[in-house]
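Dear colleague,

Please find the structure below, together with its sequence. I would be grateful if you kept it open while reading the notes that come after it.

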Amino acid sequence: MTQKPFEDLTIADDFMFCKVMEYEPICKEFLEMLFNAKIEKITYLSSQNTVTANSGAKTVRLDVLVKDGSGTSYDIEMQVGNEYNIPKRMRYYQAVLDVAFLDKGHSYKALNESYIIFICLFDPIGSNRAVYTFENICIEDKRLPLQDGTKKIILNANSFRTADNKELQGFLQYVKTGKVTTAYTGRIEQMIQTVKRNEQLRKEYHILPAVLMDAFDEGEARGSRQKALETAKNLLQFGLSREKIAQATGLTQAEVEAICNG
């Protein structure tokens, strides 16, 4: 797979999306724009981290996972290509997050409110809507929500013109076309230019080829711990931080430390 030149990256590219959303004001403003409400300070739980339910389960790589002041978590994903699996991917992501964050011995009531948000450059549902929000409701009486604390939201940048919210419309148009039409997308564009001037991030992008970036989504990491250890040794030679190596390979920081000390 040929890697896209660093200079050509846009908000729609996974690496750039994650770097931009690591800047708290931009991520917080995105959530406020989407939900049309003020959100308390956000805390990052994961950025391109690997999460798994258990040692035998398929590992998932999350783009951006944050929690707000009231404890609600938001998993925000960028999806460029249509693999015709978005609904079931969302189902699995929700399940993995629930298992990962509900500590043993805790009541089910401890599960927090949770949103899985996919920003897509295509329409996975096919109804030409900019926003699709799904929650579990009673089939016999659609006025009755299950109130299980989960919602799944799909943003379809392809249909940005149909968005009611002008700010959201501007954001989705920017994702689709790169055209800046709002103050918020202007700030994102400035952030992207800042990232592109950062030599350390350029180095990080080239060290982590696309095949490695996507390895966990494709399930290639399962049963290949030896390969992960070898990859970690190679990344160490490039001077990448131990935290980044752990994120990239799915190894624990302790395992990376052991390689360094070995």
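This is a predicted model: local features need pLDDT of at least 70, side-chain atom pairs count only at pLDDT 80 or more; totals for chains, interfaces and linings use all residues.

Residues are numbered from 1 along each chain as its sequence is written, and side-chain values use heavy atoms, with hydrogens and water left out.

The protein chain holds 10 helices and 8 strands, where helices (H or I, at least four residues) and strands (E, at least two) are DSSP runs numbered from the N terminus. Of its 262 residues, 43% count as buried, a word that stands for under 20% relative accessible area, with a 1.4 Å probe and protein chains only. Among contacts (heavy atoms within 4.5 Å) with a separation of 6 or more, 60% are made by residues 24 or more positions apart.

Helix α4 covers residues 166-177, and its 12 residues reach 16 Å from the first C-alpha to the last, close to the 16 Å expected at 1.5 Å a residue; the expected span is 1.5 Å times one less than the number of residues. The buried residues of α4 include L168, F171, L172 and Y174, and the elements that the buried residues of α4 pack against include α2, β5, β8 and α5.

The axes of α1 (residues 14-21) and α5 come within 10 Å and cross at roughly 110 degrees, where axes are lines fitted to C-alpha atoms, for helices over the stretch in contact, and angles run from 0 to 180 degrees between N-to-C directions. The two helices, α1 and α5, are therefore roughly perpendicular to each other, a term used for angles of 65 to 115 degrees. On the α1 side the contact is made by M16, K19, V20 and M21, and the α5 residues include Y184, I188 and M191.

Finally, S159 lies in the loop between β8 and α4 and counts as buried because its relative accessibility is 5%. Leaving aside neighbours within four places in sequence, S159 is in contact with D123, N128, R129 and A130.

Note on methods: Buried means under 20% relative accessible area, exposed over 50%, partly exposed in between (1.4 Å probe, protein chains only). Angles under 35 degrees count as roughly parallel, over 145 as roughly antiparallel, 65 to 115 as roughly perpendicular and the rest as oblique.
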